[in-house]
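I opened my notebook to look up a few side chains and their neighbours. Here is what I wrote down.

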Amino acid sequence: MAKVDLFAIGNALIDQEFKVSDEFLTQENLQKGTMQLTDGETQAQLYAHLQQSQNYKGQASGGSAANTAVAFGALGASAFYACRVGNDELGSIYLKGLNEAGIQTSEKSISEGVTGTCMVLVSEDSERTMHTYLGITAELSDTQMDFEPLKTAKWLYIEGYLSTSDSARAAVKIARQIAKENAVKIAITLSDPAMVQYARTGLDELIDDGVDLIFCNEQEAMMYTETDSVEAALAKLKLLSHDVVITLSEKGVLVSNQEQHFYVSGRKVLAVDANGAGDAFAGAFLYALNAGESLQTAAQLAILISSEVVSQFGPRLAVAAYANLLTSFKKESA
């Protein structure tokens, strides 16, 4: 297996996207803008309701860390994705899509069971609400992971959604140890306000004694640190991570460490679907750092890539689109 720059661990999910009304979310008792875990039967009932009254936008391979790995890889670096899918049609589709995007995977990821699915409900204001049946990925463990690529990687990337799984957290602990033994930097995303609200202890375990880079949005930052301002949240997060990146939606991003502190304004676009935007942001940011760029340049590129994801339905751009945007970015920056 070839060496990779990024080793990402996350849940493997097939997204089913629908355009929905706020009234529908209320009727289904769904908390707007968050991810809710469910069982297969309950999700099937919601799917039936969606098909009856809402606008179906299509199927896409998702999973937070996978979306990040695709952005990272499509921009020109190399990535490996550790996950768990079922030995079913959706599992085959999922891994095939990653491999076609240039992301390395392992046959260890395939096991008996059902591949996870996520109903992505996009409101008129482009906000995404997710209803997730994890399927076999709920039991993601170290037995599905080939840790060899991690030993020579530059970055280990962990999605906060893994905080709900005992076995996944145990696997991350092993990955963190391997990363430390091999001078691999560790990055994590808090992923979702619901993870902070309902799986706080799990997030604490994933972060453990600290990381090199933490991604979160302003709501997650304040909830996790139990503060009422971004500035106060930032001060606490800097005790856990060398670099802290707090996205501020369309307003931009705040980046800080012990040496520098700056804000980069957002890019105005017509927002269609926020699903995957934060994932793409992290992938582009990590790509730029891996390429030796400054934190400022990384933030600027990440804003460009993520704003393009927001401009369309689905969690990822076409693979070629990332490279085209990078070319345009370099020309404008020259």
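I started with Asp146, which lies in the loop between β9 (128-133) and β10 (155-159). I kept in mind that this is a predicted model.

Which side chain of opposite charge is nearest to Asp146? I found Lys108, 5.1 Å away. A salt bridge needs the nitrogen and the carboxyl oxygen within 4 Å. So I noted that Asp146 is buried yet has no salt bridge. The backbone nitrogen of Glu148 lies 3.1 Å from a polar atom of the Asp146 side chain.

**Aromatic rings**

Next I turned to the rings. How many aromatic pairs does the structure hold? I noted nine. I took Tyr157 and Phe215, an edge-to-face pair with 6.4 Å from centre to centre and 65° between the planes. Tyr157 is in strand β10 and Phe215 in strand β12 (residues 211-217), so I wrote that the pair links distant parts of the chain, 58 residues apart. Both residues are buried.

I followed Phe215 to Phe281. Their ring centres are 6.3 Å apart and their planes are at 85°, so I logged this pair as edge-to-face. This pair also links distant parts of the chain: Phe281 is in helix α10 (residues 277-290), 66 residues from Phe215.

Phe281 counts as buried because its relative accessibility is 4%.

**A charge over a ring**

Last, I checked Arg200. Its charged end sits over the ring of Tyr224, 4.0 Å from the ring centre.

Definitions and conventions
Residues numbered from 1 in each chain as written. Predicted model: local features only at pLDDT ≥ 70, side-chain atom pairs only at ≥ 80, totals over all residues. Heavy atoms only, no water. Helix = DSSP H or I, 4+ residues; strand = E, 2+ residues; numbered from the N terminus. Buried < 20%, exposed > 50% of the residue type's maximum accessible area, 1.4 Å probe, protein only. Lys, Arg positive; Asp, Glu negative; His and termini not counted. Polar contact = N/O pair within 3.5 Å; in protein donor to acceptor, adjacent residues only side chain to side chain. Phe/Tyr/Trp six-rings, centres within 6.5 Å; stacked < 30°, edge-to-face > 60°. Lys NZ or Arg CZ within 6 Å of the ring centre and 35° of its normal.
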